[in-house]
Structures are given as C-alpha cells and as structure tokens.
Amino acid sequence: MCLGISLARTELPLELIARHGLDRCAHARGGEKEIQFLFRDRDPRLPVWQDGQLQIMRWGNSHGQSRLLPRTGWTWQETIDSGGWKNLDAVPVDIPASLGFERGVWYRIRQGIRGLLVLDEQNSHVVYMICEPSTHYYRVMTRSDRMPMLIDEQI
Amino acid sequence: MGNSRRDTAIGHLDADCFYVSAERVRDPFLCGKPVGVLGNQGACVIAKSYEMKAAGVKTGMPIWEAMKLCPGGIYIKRDFRWYEVLSRRMLEVMRTCSPRVEYYSIDEFFFQAVPQSPGMSLQDSALAIRDRVAQEVGVPATIGIARSRTLAKLISDSAKPFGALAVLDPEAEASLLAERPVSEITGISGQREKRLLPWGIRTCLDLARADRRLVRSLLTSSGETLWWELNGEPAQPIRANRPLHKAISRGGSFGETAVDPAVLYAWLVRNIERLIEELHYHETLVGRLSVWVGYNDGRSGIGQTTLAVPTDRFDQLVEAARSCLRTAWIPRAAAQRMHLIAENLHKREPRPLGLFESATEHNRAEAVAKVKRQVNDRIGRFALRSAATLPLKSIYKDTSNGYDICDIRGKTCF
C-alpha cells in the first residue's frame, strides 16, 4: 500500500496550486519545495492526468462521502481484471509522483502510479490507487504486503 | 616536495558516497537531498549521501533506524549493473591519467601519480584528475597523493568530500598522521587496535614512530608493512592486474529471516550455483568448502568440509554443502544471512577420477553443467536453475538480485 506521494512543486501548474490551496501541503526537502498528498489528510487528494491535463481529484472514499463506492483509497489490479469495477465505468489514469510514502519510508518513483478514476453519485471524480502484491524488496523495505502499481517501473 | 619523490608518488581516488552519486548521475532530482541506497533486499542502508550522514545515519544501519533519524530521507534500490558502468568509466579516465592503475574496489583506485602536464605540480595534478573524473563521469571523488598507498588513502580520507590533496613533505605528513586515530588505517581495527593501546599507540603518528620490531611482534608482518608505508616507504605495490584468488565467497543477507529448512536449503543451492559460475570463470576447482549461517539472535554456525577431490561439479558441491549446512543449522532459529566460502583452490585441468567417481557419472555431470551454462548465457542468468531454489521465487523474479557487487570482476579488494 502507498499511503502518500510527493510531487516536486515545479511539476504542478501555479494555477492548480493556487486553486486547490496546495501550498498548505508544501514541504522542503534538500532546498526544493514539494507538494505532499497523504491519505491521512483531512481531505485526501491526488494529482491525476486526465485528457492531457493535470487535475487534482479526491482520493478514494475514506469518509464515506459516497454510498456507492468502496470506503478505501486503493484497489487491487486483480479486482479490476476480474471486472469488479465494470459497472462503474471506471477509467485508468496516471497519478504523477516523484516519491512514494509507506510507513515512514519515502522511496523514489520515476514516473508515477497507475490509478482508476470513477464518478460518484454527485458526479464528482474519485481516484483510487491501483495496487499489487509487494515484491520481496518492497515488503522488506516497508513491511507492507501491498505495493502501488508503478508506471513502467518495478521496485 | 622534492623532485626526487615525484617518480614514486602514489595516488588514491575514492568516489564520494559512490552509490548515491551514481544514482544522482541518472536522476538529478536526488541532488542535494538526503538519499540512502538500500541493500540486503531493502533491509539496510549500504550507502548514504552527506545530507543523510549529517542526520546520523550510518552505513549498515537497518532502514527502520535510519528513517527515525532522517524522516525526510529518500530510499533507493541498489543497482550494481549501473554502478559498474560508472566504475569502469572512472577506470578508463584513470588509465589516461596514469601509466599504472589498480582497480581496488568499485569506487576506489590506486595509481602511480604523475604530473598531468609538463611541469605541473602533483597538487595541481590531483585537482586536475578530480575535475576530469567529475566532468567525464559525473561522479564527485576525492584524490590523495603521497609517498605510499597507506598515506595516500589516509590523505584522501582526510580531504573528503570532493577534495584533492598531495602531501609529500614528511613534516606535513606527520601533522596529518597525528590527527588521525590508528583505527583509520585499513587493516587496523578491533583486536589489532586493542593490541596497540597498552603501548600508547593511539594515532597513526604513534604507530609510525613506534619501534618497528614491536609493531611486527604485535601485528605480524602485515603490521610491519603498514609501519613502512606510514613512514613513507612504499611496501605495497600498485597491482594493475588482480592476483589469483585465495578464496571465493558467495552469499549475503536474506532480507527477511528464514526458519524453514527448505528455504535455507534454497539459499544454499542459490549460493552454490553462483559460486560455480565464478569457479568456471576463473577455471578453478574447490578443495575446501565452508558454509556460515548468521541468525537474528546474534548466534552463528559454521560447517566445513574437505572435498575428496577438488571439484566444481554441482552434485558434488551440493552434497558437501548440505552436510556443512547441517552443522551450521540451529533448529528453529531465524537465519538471516549465509556465506559459502571456497578455499584451497586448484587450477582446473584434466585430472584422474577420484576413487569413488565413475567416468559415466562424471561425463554426465559435465554435460549437464555445460547445457546449463549455454541456456543461461542465451536466455539469462538463472533461467535454468535447480528446482531446490523454488522457495525463492520472489528473489529470482526481481532482476536486480541477478547482479551483486561480487559479480563485478577484476577488483583487487572485495
């Protein structure tokens, strides 16, 4: 499981940062500013590439805002493959990320994470992070049995 | 610095936090940030940036301790294939800077220090070499130049990071040696350091000024060699070619603990197959085999055996190693690492069969080994391997486990 991501501030359009008040989530690491998106945030969100545009969307359904969607922020690739999201017209999306966060460990992500985008009953976009069983390395590093499905990368 | 000394000067290049620097060459995002490279299947920090070091993280520290000391640290999986590419690029550059270069380790080189252009001082030459490596390879390194290897290494250690220092004047050497604890000399630590303490030998200068015969009696002839070196007399040559191995070892950490004997046996067989590859490369046979197992409660076990005839045959080595493992195994204890050590090495050449060996069996084993090598050369390392390794499916699935630091050949040190 990946409990958060971080994206270099320079990767996000200034308009998007201002519109969503993302500077509240800004942190400095090695003198460079980054925006952190954590699932434990009161209002968890993720950056998502949709139709060639970077957008900020709600991450999962942790507070039960939707009665239709699962109350989590992740879904297994296996669930998608077995048609678990078929009735919700879910579409695959990319979640850009520079770093992933899991149980206190920040690790490098070169491109991003695979995600799944759905609409809830209020027509709001909701994104779920796709995960797969951890590799041996990821399990040792984070002690987690689930890892995010990375784009063109395996750790 | 006297001109007469110029011909005998020895240089030492040490890449600064090499694995992290290598990652930064291909990923500038990491520059200036606290970075740790993880080994042992992701369990330990095997290299850290200076930013992470400043937070108190040490090499070999488990990730769970490191992340407490440096919560903002970024962790990267080690990639020895990439590190070797940069290491060999550094070696190429060094060979254009010096007529004699020793490939000491993946990130360290000893070399005959010569002026980089007519009339250039060795101090300016150290700077020029450092800057060339940085420019052509992208890796920051520190250079030390001195009258001997041991002095050159101590000088480069003192000039880190990204330093370049030539010290050939005995007085300047003495003030530098006075500041360094004797344990900073490669080859002196632990018990050897304790042996020196009652004699008041605490610094490198204390050792250099000590009576040579006393040093020999305390530290044997290898200690005396260091004494000569500390006094500016080169006693260790620059080895442009790697000398023959006295022992070949394969193994390492499991990442997770192993209690199940089948998993332990799978690690044993994996290490045997890796060992056989290396024996074949060096055209060498094993005369004596040891299996060492380390457990997470601090205990360890070792089993040793002398083979009836020197061999590199899989079936014979498995049989021998299995009995060693039985001795090294502590039932119900959680094993964490294993090392297989091959000693008493013999050059591979046609030999008479052993008393209990049959020609048919021998030829069959040789044929199987040949097919295995051919398949793996063509399809990929470990594509064809023993079924005993099946419990380690996830280890083989991760291609980064297919190449380790010991697979980088030609280094004179580990």
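Predicted model: local features only at pLDDT ≥ 70, side-chain atom pairs only at ≥ 80, totals over all residues.

Which elements of chain B each supply at least two residues of the lining of the largest pocket? They are β1 (10–15), α1 (18–26), β3 (44–48), α2 (50–54), β9 (248–258), α11 (261–281) and β12 (335–343) of chain B, where helices (H or I, at least four residues) and strands (E, at least two) are DSSP runs, numbered from the N terminus.

Residues are numbered from 1 along each chain as its sequence is written, chains are lettered from A and ligands numbered from 1 in the order in which they are written, and side-chain values use heavy atoms, with hydrogens and water left out.

A pocket is found on a 1 Å grid over the protein atoms alone, as an open set of points with protein on both sides within 12 Å along at least five of seven lines; a cavity is a set of points where a 1.4 Å probe fits but cannot get out, and lining residues have an atom within 4 Å of a point. A volume is the space filled by probe spheres set on the points, with grid points joined across faces, edges and corners.

The largest pocket has a volume of about 1100 Å³, and of the 40 residues that line it, Y19(B), I46(B), A47(B), T59(B) and I405(B) lie nearest its centre. Its lining has 15 nonpolar, twelve polar and 13 charged residues, counting Ala, Val, Leu, Ile, Met, Phe, Trp, Tyr, Cys and Pro as nonpolar, Asp, Glu, Lys and Arg as charged, and the others, Gly among them, as polar.

The second largest pocket holds about 710 Å³ of space, and among its 28 lining residues I276(B), E277(B), A369(B), K372(B) and R373(B) lie nearest the centre. Two or more residues of that lining come from each of α11, α12 (314–328) and α13 (359–379) of chain B, and α13(B) gives the most, with ten residues. By class, this second lining has nine nonpolar, two polar and 17 charged residues.

Let me turn to chain A, which has three helices and twelve strands. Its radius of gyration, taken over C-alpha atoms, is 15 Å, close to the 15 Å that the globule rule gives for 155 residues, so chain A is as compact as a globular protein of that length; the rule is 2.2 Å times the number of residues to the power 0.38.

Why is strand β3 (residues 32–38) of chain A largely enclosed by the rest of the structure? Five of its seven residues are buried, so the strand is largely enclosed, where buried means under 20% relative accessible area (1.4 Å probe, protein chains only). Strand β1 (residues 4–8) of chain A runs antiparallel to β3(A) and is joined to it by five bridges, while strand β2 (residues 26–29) of chain A pairs with β3(A) in the antiparallel sense over four bridges; two strands pair if DSSP finds at least two bridges between them.

Methods
Buried < 20%, exposed > 50% of the residue type's maximum accessible area, 1.4 Å probe, protein only.
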